[in-house]
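Here is a short briefing for a first look. Start with the display, then read on by topic.

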Amino acid sequence: MTRRIVALAVIPVLVVPRVSSGTATAAESLLSLNRPTTTSSVEDATLAGGLAVDGDGTSRWASAEGSDPQWITVDLGGSAVVTRVKVVWEAAYAKDYRVQT
C-alpha cells in the first residue's frame, strides 16, 4: 500500500521507528527525504516538487501563481507510523492546507 501526504507547501514528514524495548528512545527520521513527488503545477523548472523533500532548507517547491487550489503529494513508499508533519512556509504562503493519508 502506498501512502501519500498532501499539502500546499514544503512537507518534511517525520516518523518514529517502532522500538522493541520500552526502555529505548527512538529518534525521529525524515521519511519524506528524496521520495517521489507529484504536484498540481510548478512555477518553473527550478522550483519542482522534488525540492520540497530534498532536505535543503533553502530550496522549495512553488506552484503556478493565480490558480488555486494547488497540491503536492509525496510517495512514502509504504506504511509507516507518522508522528509529525512539518509544513515550512515561504513568504507567499497558502492560507490553508490539508494533510491526507
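Two strands pair if DSSP finds at least two bridges between them. Strands β4 (residues 37–39) and β5 run antiparallel and are joined by 3 bridges. In this arrangement, threonine 38 stands opposite threonine 73 of β5. The model shown is predicted.

**Overall build**
- The chain holds 6 strands and 0 helices.
- Read from the N terminus, its elements follow the order β-β-β-β-β-β.
- Of the 101 residues in the chain, 27% are buried.
- Among contacts with a separation of 6 or more, 58% link residues 24 or more positions apart.
- The chain has an accessible surface of about 6500 Å², and carbon and sulfur atoms account for 50% of that surface.

**Strand β5**
- In a regular strand, side chains alternate between the two faces of the sheet.
- Strand β5 spans residues 72–75, and both of its faces are covered.
- Ile72 and Val74 are buried on one side.
- Thr73 and Asp75 are buried on the other.

- Most residues other than glycine have a negative phi, and most peptide bonds are trans.
- Asparagine 34 is not a glycine, yet its phi is positive, at about 60°.
- Asparagine 34 sits in the loop between β3 (29–30) and β4.
- Exposed means over 50% relative accessible area, so asparagine 34, at 56% relative accessibility, counts as exposed.
- The peptide bond from aspartate 68 to proline 69 is cis, with omega near 0°.
- Proline 69 belongs to the loop between β4 and β5.

Terms used:
Residues are numbered from 1 along each chain as its sequence is written. This is a predicted model: local features need pLDDT of at least 70, side-chain atom pairs count only at pLDDT 80 or more; totals for chains, interfaces and linings use all residues. Side-chain values use heavy atoms; hydrogens and water are left out. Buried means under 20% relative accessible area, exposed over 50%, partly exposed in between (1.4 Å probe, protein chains only). Helices (H or I, at least four residues) and strands (E, at least two) are DSSP runs, numbered from the N terminus. Contact means heavy atoms within 4.5 Å. Accessible areas come from the Shrake-Rupley method with a 1.4 Å probe; for residues, only the protein chains shown count as cover.
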